[in-house]
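Colleague: I am new to reading models. Could you take me through this one, feature by feature?

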Amino acid sequence: MSDKLKIVAACGVGMGSSLILKMNIEDVLKELKVPATVDHSDISSLIGTNYDIVVVQTFYADQVKNYGKVVVAVDDFLNKDKLKEKLQEAFKTLGVEAQ
Amino acid sequence: MLESILTEKAIKLKAQAKDWQEAVRLGGELLVNAGFVHPAYVDAMVETVRELGPYSVISPGIAMPHARPEAGVIKHGLSLLTLATPVEFGNKENDPVDIVVSFCATDNTSHIQMLAELAQLLGSEEALSTIRNAEEVKTVVDLLKSFKFT
């Protein structure tokens, strides 16, 4: 895959938890050496977008399934280990190499 | 940076709240006390949590309620409230909540550094346990001063 992955972290308002989530995703990407761009957004602004991976809280997962190839649902925004596991699964689904 | 925002005025420990609304109000009042927001922002916080559901509970036991910048923000800031008795926010994975971190920002980007440090602090189990058990505000203030932010 030559293009960078496009990932978005989304939450209700798009300025709090999604921002924290974005920072944690960036840390995980650095660790796994996966090149990607990470945006953050509120849920309603996702309409019309098409990301490779959309990361949201579990109860938004259904709502956002049309805005990304893979939806990653998390319950704990601060748990980087869990986030890493779930992103690794997503990379596998997308056929992206990760370390 | 965090220690200059989360000052004594913005911290209240082992408070009593009968439900999530009261907890959010108490957290919001700390933002008012510290000069970060106008009182109207506190009402907007309660409305935002009501409107968007239990999304504000970001981690087990930790809620991060806030409203939008246009709801009466003076400058970006944070407050920390811990509860003597945890309350339910309606988030079945992460309830009950005993740490309420309220925040406000003037736009979508100026508070990034503040949230980055907050995420580091709350991501540390040791720091979290100090905050949870703290009886005196000074304990938290000292923690913020000594915490190694990267």
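Colleague: Is B:Lys14 exposed, partly exposed or buried, and why?

Modeller: Count the C-beta atoms around it. A residue is buried if 20 or more other C-beta atoms lie within 10 Å of its own, exposed if 12 or fewer, and partly exposed in between, with C-beta atoms placed from the backbone. B:Lys14 has 15 other C-beta atoms within 10 Å, so B:Lys14 is partly exposed. B:Lys14 is found in strand 1 of chain B. Its phi is near 55°, a positive value in a residue other than glycine.

Colleague: What should I know about the model and its labels?

Modeller: This is a predicted model: local features need pLDDT of at least 70, side-chain atom pairs count only at pLDDT 80 or more, and totals for chains, interfaces and linings use all residues. Residues are numbered from 1 along each chain as its sequence is written, while chains are lettered from A and ligands numbered from 1 in the order in which they are written.

Colleague: Where does A:Lys33 lie, and is A:Lys33 buried or exposed?

Modeller: A:Lys33 lies in the loop between helix 1 and strand 2 of chain A. Helices (H or I, at least four residues) and strands (E, at least two) are DSSP runs, numbered from the N terminus. A:Lys33 has 9 other C-beta atoms within 10 Å, so A:Lys33 is exposed. Phi of A:Lys33 is also positive, near 55°.

Colleague: How do I check the length of helix 2 of chain B?

Modeller: Compare its span with the expected one. The expected span of a helix is 1.5 Å times one less than its number of residues. Helix 2 of chain B (residues 20–33) has 14 residues, so it should span 20 Å, and its end C-alpha atoms are 20 Å apart. After this helix comes B:Gly35, with a positive phi near 80°.

Colleague: Which residues of helix 2 of chain B are buried, and what covers them?

Modeller: A helix has a repeat to keep in mind. An α-helix has 3.6 residues a turn, so residues three or four places apart point the same way. In helix 2 of chain B, the buried residues include B:Trp20, B:Ala23, B:Val24, B:Gly27 and B:Leu31. Their cover includes strand 1 (11–15), helix 3 (40–52), strand 4 (77–87) and strand 5 (97–104) of chain B.

Colleague: How do helix 1 and helix 2 of chain A pack?

Modeller: Two packed helices are described by the angle between their axes and the distance between the axes. Axes are lines fitted to C-alpha atoms, for helices over the stretch in contact, and angles run from 0 to 180 degrees between N-to-C directions. Here the angle is about 65°, and the axes of helix 1 (residues 17–32) and helix 2 (residues 80–94) of chain A are 10 Å apart. Residues in the contact include A:Ile25 and A:Val28 of helix 1 and A:Leu83 and A:Leu87 of helix 2 of chain A. Two residues are in contact if their C-beta atoms, placed from the backbone, lie within 7 Å.

Colleague: How many residues join the contact between chain A and chain B?

Modeller: 19 residues of chain A are in contact with 21 residues of chain B. Helix 1 of chain A gives the largest share of the chain A side, 5 residues.

Colleague: Which peptide bond is cis, from B:Asp95 to what?

Modeller: The bond from B:Asp95 to B:Pro96 is cis, with omega near -10°. B:Pro96 lies in the loop between strand 4 and strand 5 of chain B.
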